[in-house]
Amino acid sequence: MPPLRLNAVAFVSPQNHPILIRSFAQGQDELKYHYIAHTSLDVIDERISAAVASKSTECYMNLLYTMEDVAVYGYITPLKVKIIIALALTDSVVRDADVLTIFRALHTAYRHAVANPFLRLNAPIDGYNDHATVLQAGNGKWQTFRKRVDDIGKAVGVVGVTA
């Protein structure tokens, strides 16, 4: 079976501000993945309102939609940070377990970045609840987080789908 190919990852704050949008597809337009991330927010909001009505506590939002050559999946953390991934469409079956593994790795990378108290030195006090301001406040200091996300993207491209 062909391996999963991660085209892009987006982290979006609870206030729907982009924290990080990272593209892994060569020769693709960066703006396309910004559009995909923002379009996904509408679908995620619909799923959240449906989950609230049914009292579901599931973080994994499954396949949100497909568009052209990508399949878009969503995940929402307990603190309402949304993680969106765009996988290249293939003819093979994509298992939810494989996608959930990617999301857990991305969530762990984000958790480690936000939990580091030394990276909040430049963050404004009044915007503390918005993770986007915290992340953008220390732009140069967040290289470890971006590197972890890049490493996950590379690992997904290398590791194939298990049978």
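Asn62 is placed in strand 3 (residues 60-67). Strands here are DSSP runs of E of at least two residues, helices are runs of H or I of at least four residues, and both are numbered from the N terminus. The model is predicted, so local features need pLDDT of at least 70 and side-chain atom pairs count only at pLDDT 80 or more, while totals for chains, interfaces and linings use all residues. Residues are numbered from 1 along each chain as its sequence is written, and side-chain values use heavy atoms, with hydrogens and water left out.

Asn62 is not a glycine, yet has a positive phi of about 65°. Its relative accessibility is 35%, which counts as partly exposed. Buried means under 20% relative accessible area, exposed means over 50%, and partly exposed lies in between (1.4 Å probe, protein chains only). Asn16, also not a glycine, has a positive phi of about 65°. Asn16 sits in the loop between strand 1 (6-12) and strand 2 (18-23). The relative accessible area of Asn16 is 27%, so this residue is partly exposed.

Five strands form an open sheet in the order 2-1-5-4-3, with antiparallel pairing. Strand 2 and strand 3 are the edge strands, each pairing on one side only. Two strands pair if DSSP finds at least two bridges between them. Neighbouring strands of the sheet are turned by 15° against each other on average, direction ignored. Axes are lines fitted to C-alpha atoms, for helices over the stretch in contact; angles run from 0 to 180 degrees between N-to-C directions.

Strand 4 and strand 5 pair in the antiparallel sense over seven bridges. Tyr73 has Ile85, in strand 5, as its bridge partner. Helix 2 (residues 96-115) packs on the sheet and touches strand 1, strand 2, strand 3, strand 4 and strand 5. The direction of helix 2 makes about 135° with that of strand 5. Contact means heavy atoms within 4.5 Å.

Thr77 lies in the loop between strand 4 (70-76) and strand 5 (82-88). Thr77 is buried, at 5% relative accessibility. Residues up to four places away in sequence aside, Thr77 touches Ile83 and His107.

Ser40 belongs to helix 1 (residues 30-54). Ser40 is buried, with a relative accessible area of 0%. A polar atom of the Ser40 side chain lies 2.7 Å from the backbone oxygen of Ile36. Not counting residues up to four places away in sequence, Ser40 touches Leu64, Tyr65, Val72 and Ile84.

Definitions and conventions: A polar contact is a pair of N or O atoms within 3.5 Å; within protein, one must be able to donate a hydrogen and the other to accept it, and residues adjacent in sequence count only if both atoms are side-chain atoms.
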